[in-house]
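Subject: A structure for you to look at

Hi,

Here is the structure I promised to pass on. Please open it beside this email, and then read my notes on what turned up in it.

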Amino acid sequence: MSSSNTKFSAITGSARKIKDNAADWHNLMLKWEKLNDDGFQFATNIVNMRNSQRDQQPPDDFSPASACQMFPSAVQQQAAGAAELQDECSRLQAVVDRMVVIVAKMEHLMSVQQGIQDLEEFQFGPEGRTLPLCHSWKTKEFEESSRVLLAAFSQELKLKQVILQELAHTADADLHMVYLSCWLHQPFIPAQTRLALEALLLETGHRSL
């Protein structure tokens with residue numbers, strides 16, 4: 001066991017809760033990344049299916065009746081393709097639903113951290129305790145770090161929800177690529193957000209200094 005972990009092995013009270021919260025943040029972010037990878041695969045499948053449907057559409061001057069007479073197999077393929085597309089959309093919906101749950105858990109962590117902050121201010125005054133709970137941060141710095149993380153994932157969730165709503169209904173291939181790129185690269189979760197988590201883990205002893 002590292003000296004850092006030894007130092008934090010017997011902590012109690014607010015420091016213990018903050019350490020546990022940091023571990024929860026880390027675990028939730030790992031789950032989010034797994035869901036993001038899964039969702040990107042489903043989103044890619046949806047785009048490929050939409051492109052395939054567009055390429056297989058019958059000429060504009062064909063009526064549905066004549067299309068059924070001349071291209072019965074094509075009509076059957078379209079029906080099967082529509083069912084597969086709906087399945088992929090349902091899978092992507094399930095991913096976003098699980099992301100909603102993750103953000104709700106992050107909101108709970110933020111609420112707990114705010115509660116610790118309020119308790120510290122009640123006990124020690126508006127400036128909080130003078131000595132750090134862990135390595136060097138005051139309680140307010142943990143609250144600020146949690147707020148940064150929550151804001152980033154809340155905004156990214158909103159983007160994911162927009163992509164979910166629009167992806168299967170968009171015929172523009174360029175827009176499809178924009179949606180896929182946004183899903184994969186997560187513009188509302190920049191490198192600074194991940195650095196904020198690493199700083200939190202370092203401060204609470206989950207990472208060695």
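Let's start with one histidine: the side chain of H176 reaches the backbone oxygen of L167 at 3.3 Å. That is a polar contact, meaning a pair of N or O atoms within 3.5 Å; within protein, one must be able to donate a hydrogen and the other to accept it, and residues adjacent in sequence count only if both atoms are side-chain atoms.

Before going further, please keep in mind that this is a predicted model, where local features need pLDDT of at least 70, side-chain atom pairs count only at pLDDT 80 or more, and totals for chains, interfaces and linings use all residues. Residues are numbered from 1 along each chain as its sequence is written, and side-chain values use heavy atoms, with hydrogens and water left out.

Back to H176, which sits in helix α6 (residues 173-185). Helices here are DSSP runs (H or I, at least four residues), numbered from the N terminus, while strands are E runs of at least two. H176 is buried, with a relative accessible area of 1%. Buried means under 20% relative accessible area, exposed over 50%, and partly exposed in between, using a 1.4 Å probe and protein chains only. Leaving out residues up to four places away in sequence, H176 touches V47, R50, N51, L167, T170 and A171; touching, or contact, means heavy atoms within 4.5 Å.

Now the whole chain. The chain has 7 helices and 0 strands. Of its 209 residues, 38% are buried. Take the contacts between residues at least 6 apart in sequence: 82% of them join residues at least 24 apart.

What holds the most contacts inside the largest nonpolar core? This core has 42 residues, and the ones with the most contacts inside it are W25, W32, M106 and L167. Helices α2 (13-56), α4 (72-124), α5 (139-167), α6 and α7 (191-203) each supply at least two of its residues, and α4 gives the most, with 13. A nonpolar core is a set of buried Ala, Val, Leu, Ile, Met, Phe, Trp, Tyr and Cys residues joined through side-chain atoms within 4.5 Å. In soluble globular proteins, nonpolar side chains tend to be buried together.

Q186 lies in the loop between α6 and α7 and is buried, at 2% relative accessible area. Its phi is near 50°, a positive value in a residue other than glycine.

P190 is in the loop between α6 and α7, but P190 is partly exposed, with a relative accessible area of 32%. The C-alpha atoms of P190 and A152 are 8.3 Å apart, although 38 residues separate the two along the chain.

Finally, look at α5 and α7. Their axes come within 10 Å and cross at roughly 145°; axes are lines fitted to C-alpha atoms, for helices over the stretch in contact, and angles run from 0 to 180 degrees between N-to-C directions. In this pair, F142, S145, L149, A152 and F153 of α5 meet T193, A196, L197, L200 and E203 of α7.

Enjoy exploring!
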